[in-house]
Amino acid sequence: MKKTWKTVVLTGVMSLALAIPAFAGSWQTDAAGYWYQNDDSTYPASCWKWIDGNNDGVAECYYFDERGYLLVSTITPDGCTVDANGAWVVNGIVQTQVAAQAPLTAPTQTPVSLQTGTSDSTSTVSMTDMVWLPANGERFHKINNCGNMNPEKARSVSAKEAYQNGYEPCTKCY
């Protein structure tokens, strides 16, 4: 009888544990478009937000207008490009980051980080960071003397400008 009582209590505890709802935001839609509803029923507006909508552990960055609707297939107010799904793209490549690290960026700010390097490493590049471009090459650098780069011929630009001109992050620096 004692074993049965423990089984009943354990079953009750397990049932309650499974009944606790999982709180997470969700995509919503209406005639005007898509928006993202946070778990507290608020929604992002006039800002960027990293969202792992399919729970694969990888977040994409989306821009929401002043009414909270997702911008798609356009240039955002801060000059970034978003694709048909609304995801931030650089040179046609959707920018991602590990979802566990996905912060909400400040309103009207360019996305602050993107995945660089190998699939098992993530580094942060702020669009407002100043980076170094070599006299020739396709990679930008954190420091003006990385590798064989000649510091006298390197020039400093914003990371955003470097991306817009087709440069990618140096795998040694980032």
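Modeller: A nonpolar core is taken here as a set of buried Ala, Val, Leu, Ile, Met, Phe, Trp, Tyr and Cys residues joined through side-chain atoms within 4.5 Å. Buried means under 20% relative accessible area, exposed means over 50%, and partly exposed covers the values in between (1.4 Å probe, protein chains only). This is a predicted model, in which local features need pLDDT of at least 70 and side-chain atom pairs count only at pLDDT 80 or more, whereas totals for chains, interfaces and linings use all residues. Residues are numbered from 1 along each chain as its sequence is written, and side-chain values use heavy atoms, with hydrogens and water left out.

By that rule, the largest nonpolar core has 18 residues. Trp48, Trp88, Val131, Leu133, Phe140 and Ala162 are the members with the most contacts inside it. At least two residues of this core come from each of strand E3 (47-51), strand E4 (58-64), E7, strand E10 (130-133) and helix H2 (159-164). Helices (H or I, at least four residues) and strands (E, at least two) are DSSP runs, numbered from the N terminus. Apart from this core lies another, of six residues, including Tyr36, Ile51, Phe64 and Ala87.

With neighbours within four places in sequence left aside, Leu133 is in contact (heavy atoms within 4.5 Å) with Phe140, Met149, Lys153, Ala154, Arg155, Val157, Ala162 and Tyr167.

Turning to the aromatic residues, rings of Phe, Tyr and Trp (its six-membered ring) pair if their centres lie within 6.5 Å; planes under 30 degrees apart count as stacked, over 60 as edge-to-face and the rest as tilted. In one of them, the ring centres of Trp50 and Trp88 are 6.2 Å apart and the planes stand at 70°, so the pair is edge-to-face. This pair links distant parts of the chain, with Trp50 in strand E3 and Trp88 in strand E7, 38 residues apart. Both Trp50 and Trp88 are buried. Trp27, Tyr36, Tyr62 and Phe64 form one aromatic cluster.

Strand E7 also belongs to an open sheet of four strands, in the order E5-E6-E7-E8, with antiparallel pairing. Its edge strands, E5 and strand E8 (93-94), each pair on one side only. Two strands pair if DSSP finds at least two bridges between them; strand E6 (residues 81-82) and strand E7 (residues 88-90) are joined over two bridges in the antiparallel sense. Thr81 stands opposite Val89 in E7.

The cysteines complete the picture. A disulfide requires a pair of cysteine sulfur atoms within 2.5 Å, and the structure holds zero disulfides. For Cys61, the closest cysteine sulfur, in Cys80, is 8.5 Å away, too far for a bond. Cys61 counts as buried because its relative accessibility is 0%. Cys170 is likewise in no disulfide, the nearest cysteine sulfur being that of Cys146 at 3.8 Å. At 6% relative accessibility, Cys170 also counts as buried.

A remark on confidence is in order. With pLDDT, the predictor's confidence in each residue, from 0 to 100, the chain averages 75, and 69% of the residues score at least 70. The mean is highest in strand E5 (residues 74-75), at 94, and lowest in helix H1 (residues 2-19), at 52.
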